[in-house]
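Keep the viewer open as you read.

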Amino acid sequence: MSGTLEFAIHTLVESRMDLSIFDNRYNNDETGRWAYDPKILLKIVLLGYSRGLVSSRKIERACRENVTFMALSCGQYPDHSTIAAFVSSMHDEILLLFSDVLLVCDETGLLGGTFFALDGCKLPSNASAECSGTISDLKKKRKKIEDKVGHLLKQQIEADKAGDDPTRLSEEQGRKRQIDRLQKNAQRIEEWLKQNDPKIGKTGREIKSNVTDNESAMMMTPHGTIQGYNGQALVDAKHQVIVHGEAFGSGHDYGHLVPMVDGAKDNLHSIGHERDCFSGRILTADSNYHCTSNLEKCEQESIDAYIPDIRFRRRDSRFATRRGDRLKKARRFLPEQFQYKASEDHYICPRGKILRLSVKSTVSQGVIYRYYASNEKDCKGCPVKSKCISTSGSKRRHLTIAIGAEPSNLSWKMAEKVNSEKGRKIYPRRMAIAEPVFANIRVQKRLDRFTLRGKIKVNIQWLLYCIVHNIEKIASYAFA
């Protein structure tokens, strides 16, 4: 029926999405069994994802039991292995399909093209966190498993010496199954160690690898640590259409802005926009994206970016209550608890002692600082010394105050921009643009974890969900 998501999926796949890109792989009718039409497979996958059916087995079952799936599949019943193989094999085709849907969004007026928001969503992967660790950790884990196997084998030998005992038969069978399982795990780790080198992070240090999916990573989330991927989405503000999506095996958002902007430029250029389509446009992202390389990218592209640093809330009077709570919970004194006397150009600590100017001006990473130092005698017998500002081996306490920045300091410029009256109106709009997109994908479409392994396959699955999200926008505004 017109206006429904299934109608939009059927119409777009049949008339607006170029599936001839699959011809080389699915035109095998001369030998063997006829291949399923890629249009049918794509329809049922998109509909399945829209209904929260991430598993290919559940999609297969829906094709046999659900009348909507039957209609889209023309009464055919692709098995789960066919569906899974179709999804995981769309390496080169997925971005072309995404662009086809994005073109329809553009033609129907769903893209504003003036305001964008970037954010990420961390989801567990099809990999066990227990199989993670550095190379030395994995070697220890293998050794521990081998020791456990040795212990179980000794128990088995002792049981064999004791003779046949029907009451111990089930116990021996369980022990054998446990030994087989542990030996397979140890062998899998051994083979993985032979084929892989240590995984090096962006800091140059070794980070944890994963035996089941080494392209996934350990990531911190508000609900704990997961082994997974970081699904990024760059969203147009007008109707929350995703202009580019990509899954990354890194939980640190600061490394994702550059490839996301470049990817969005390629997508928009493929549907007829200019290469410099981001020039003069507004881009918002949270403080996790604030770094020099990202700010330089925005400057190079002439993007009107609003990306605050991690301390921007402390400078905003609207968060004064939160700052008060922060001061109460702080284990150490914070710089804002030191009172400044402008006439004397010194600070007074919470205990009433004076910190005088020791270094008038010094520059570190483009930021200009002043240093104020306490009197050694005042600090020596202070009863709250353990709560005072930290010190690097000195007997005196030093208070560091940022007073400005060099003209080339992009971070300082961005802080002033976000702190401005205009910035305080623009930046909060980010949440209303990006967050509902992830709420739709995670809650309404029920994508709570990736079911595939490897960045390429996980990225296919993430982009398919982005396509479903955009098709839903078309169904709501263009086909209604």
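Angles between axes are sorted like this: under 35 degrees counts as roughly parallel, over 145 as roughly antiparallel, 65 to 115 as roughly perpendicular, and the rest as oblique. The axes themselves are lines fitted to C-alpha atoms, for helices over the stretch in contact, with angles running from 0 to 180 degrees between N-to-C directions. Helices (H or I, at least four residues) and strands (E, at least two) are DSSP runs numbered from the N terminus. Before going further, note that this is a predicted model, where local features need pLDDT of at least 70 and side-chain atom pairs count only at pLDDT 80 or more, while totals for chains, interfaces and linings use all residues. Residues are numbered from 1 along each chain as its sequence is written, and side-chain values use heavy atoms, with hydrogens and water left out.

Helix 1 (residues 5-15) and helix 17 (residues 455-477) have axes that come within 9 Å and cross at roughly 110°. The two are therefore roughly perpendicular to each other. Contact here means heavy atoms within 4.5 Å, and by that rule Leu5, Ala8, Ile9 and Leu12 of helix 1 meet Ile471, Glu472, Ile474 and Ala475 of helix 17. Sorted by class, that contact has 7 nonpolar residues, no polar ones and 1 charged. For the classes, Ala, Val, Leu, Ile, Met, Phe, Trp, Tyr, Cys and Pro are nonpolar, Asp, Glu, Lys and Arg are charged, and the others, Gly among them, are polar.

Now try another pair. Helix 3 (residues 38-50) and helix 6 (residues 80-88) have axes that come within 10 Å and cross at roughly 90°. That makes helix 3 roughly perpendicular to helix 6. On the helix 3 side you'll find Pro38, Leu41, Leu42, Ile44, Val45 and Tyr49, which meet Thr82, Ile83, Phe86 and Val87 in helix 6. This contact has 9 nonpolar residues, 1 polar and no charged ones.

Helix 7 (residues 94-107) comes next. Its 14 residues reach 20 Å from first C-alpha to last, close to the 20 Å expected at 1.5 Å a residue; the expected span is 1.5 Å times one less than the number of residues. Buried means under 20% relative accessible area, exposed over 50%, and partly exposed in between (1.4 Å probe, protein chains only). The buried residues of helix 7 are Ile94, Leu97, Phe98, Ser99, Asp100, Val101, Leu102, Val104 and Cys105. Their cover includes helix 1, helix 3, strand 8, helix 10 (257-270) and helix 17. Just after helix 7, Gly109 takes a positive phi of about 80°.

An α-helix has 3.6 residues a turn, so residues three or four places apart point the same way.

Leaving aside neighbours within four places in sequence, His239 is in contact with Gly109, Leu110, Lys473 and Tyr477. His239 is buried, with a relative accessible area of 17%. In that loop between strand 7 and strand 8 you'll also find Gln240, whose phi is near 60°, a positive value in a residue other than glycine. Gln240 is buried as well, at a relative accessible area of 17%. Most residues other than glycine have a negative phi, and most peptide bonds are trans. Arg446 has a positive phi too, near 60°, and lies in the loop between helix 16 (429-444) and helix 17. Arg446 is partly exposed, with a relative accessible area of 46%.

Last, the cysteines. The structure holds 0 disulfides, a disulfide being a pair of cysteine sulfur atoms within 2.5 Å. Cys277 is in no disulfide, and the nearest cysteine sulfur, that of Cys298, is 13 Å away. Cys277 is buried, with a relative accessible area of 10%. The sulfur of Cys298 is 9.3 Å from the closest cysteine sulfur, in Cys291, too far for a bond. Cys298 is buried, at 3% relative accessible area.
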